[in-house]
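This briefing covers one protein chain, taken topic by topic. The sequence and the model come first, and the notes follow.

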Amino acid sequence: MTVPETPARRPEEMPGQSNFAGLLGIDVVSVAPEAVTCTMKVTEALANRNGALHGGAVMTLADNAAGTSAFINIPAGRSNTTIESKTNFLRGVRVGDTVTARCEPIHRGRTTLVFQITMTRGDGKTVAVSMQTHMILDWAR
């Protein structure tokens with residue numbers, strides 16, 4: 001794994017979550033350069049027509065975890081954007097359960113970051129696994 005050319009941000013520099021993450025009820029549980037953990041309670045509003053967690057909500061949770069990991073792994077003054085995302089869905093999640101996403105960087109380069117996000121439900125079984133590539137941008141918000 002390569003190391004960014006300048007130090008990454010500290011967890012306390014992490015801004016609040018986006019309004020969209022708040023709308024879905026995503027909570028950031030822990031933030032470190034090596035791993036980010038987020039949770040999301042499965043509500044009726046996040047269910048598909050079959051009464052299970054919607055795949056789009058699963059992908060949003062993964063993207064939020066990876067975006068948080070990208071933020072903490074790049075220098076201040078730089079930003080990032082997701083340029084590729086692939087998700088394997090392994091099993092459903094019922095309303096009332098909670099999904100936990102654990103995001104780990106598997107590549108931290110000068111221009112890209114690659115993450116693996118594993119999402120589990122309350123019983124510990126894996127719900128989905130995502131791989132994402134983020135491009136590092138030379139501007140910040």
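Which residue takes a positive phi in the hairpin of E5 and E6? It is glycine 124, with a phi near 85°, in a hairpin that has five residues between the strands. The model is a predicted one. The protein chain has two helices and six strands, and their order along the sequence is α-β-β-α-β-β-β-β.

**Overall dimensions**

- Along the principal axes, the C-alpha atoms of the protein chain fill a box of roughly 45 × 25 × 25 Å.
- Of the 141 residues in the protein chain, 40% are buried.
- Taking contacts between residues at least 6 apart in sequence, 66% join residues that are at least 24 apart.

**Strand pairing**

- Strand E3 (residues 79–89) runs antiparallel to E6, and 10 bridges join the two.
- One of the residue pairs between E3 and E6 is lysine 86 with methionine 131, its bridge partner in E6.
- Strand E4 (residues 98–108) is antiparallel to strand E5 (residues 112–120), with eight bridges between them.
- The hairpin formed by E4 and E5 has three residues between the strands.
- Within E5, threonine 118 stands opposite arginine 102.
- E5 also pairs with strand E6 (residues 126–137), in the antiparallel sense and over nine bridges.
- Threonine 112 stands opposite methionine 135 in E6, and isoleucine 117 has serine 130 in E6 as its bridge partner.

**Methionine 131**

- Methionine 131 lies in strand E6.
- Its relative accessible area is 28%, so methionine 131 counts as partly exposed; the limit for buried is under 20% and that for exposed is over 50%.
- Methionine 131 and lysine 86 are 45 residues apart in sequence, while their C-alpha atoms are 5.4 Å apart in space.
- Leaving aside neighbours within four places in sequence, methionine 131 is in contact with Glu84, Ser85, Lys86, Ile106, Val114, Phe115 and Gln116.

**Nonpolar core**

- The largest nonpolar core holds 28 residues.
- Met40, Leu53, Leu61, Ile117 and Met119 are the residues with the most contacts inside this core.
- Two or more residues of this core come from each of helix H1 (19–24), strand E2 (35–41), H2, E4, E5 and E6.
- H2 gives the largest share of this core, namely seven residues.
- Not counting residues up to four places away in sequence, leucine 53 touches Met40, Val42, Leu46, Ala47, Asn48, Val58, Val93 and Val99.
- Isoleucine 117, listed among the core residues with the most contacts, is also the residue bridged to serine 130 in E6.

**Threonine 68**

- Threonine 68 is placed in helix H2 (residues 55–73).
- Is threonine 68 buried or exposed? Threonine 68 counts as buried because its relative accessibility is 4%, where buried means under 20%.
- The side chain of threonine 68 reaches the backbone oxygen of asparagine 64 at a distance of 2.8 Å.

**Cysteines**

- How many disulfides does the structure hold? The structure holds zero disulfides.
- Cysteine 38 is in no disulfide, and its nearest cysteine sulfur, that of cysteine 103, is 8.2 Å away.
- Cysteine 103 is likewise in no disulfide, with the sulfur of cysteine 38 as its nearest cysteine sulfur at 8.2 Å.
- The cut-off for a disulfide is a pair of cysteine sulfur atoms within 2.5 Å.
- Cysteine 38 has a relative accessible area of 0% and is therefore buried.
- Cysteine 103 is buried as well, at a relative accessible area of 0%.

Conventions: Residues are numbered from 1 along each chain as its sequence is written. This is a predicted model: local features need pLDDT of at least 70, side-chain atom pairs count only at pLDDT 80 or more; totals for chains, interfaces and linings use all residues. Side-chain values use heavy atoms; hydrogens and water are left out. Helices (H or I, at least four residues) and strands (E, at least two) are DSSP runs, numbered from the N terminus. Buried means under 20% relative accessible area, exposed over 50%, partly exposed in between (1.4 Å probe, protein chains only). A polar contact is a pair of N or O atoms within 3.5 Å; within protein, one must be able to donate a hydrogen and the other to accept it, and residues adjacent in sequence count only if both atoms are side-chain atoms. Two strands pair if DSSP finds at least two bridges between them. Contact means heavy atoms within 4.5 Å. A nonpolar core is a set of buried Ala, Val, Leu, Ile, Met, Phe, Trp, Tyr and Cys residues joined through side-chain atoms within 4.5 Å.
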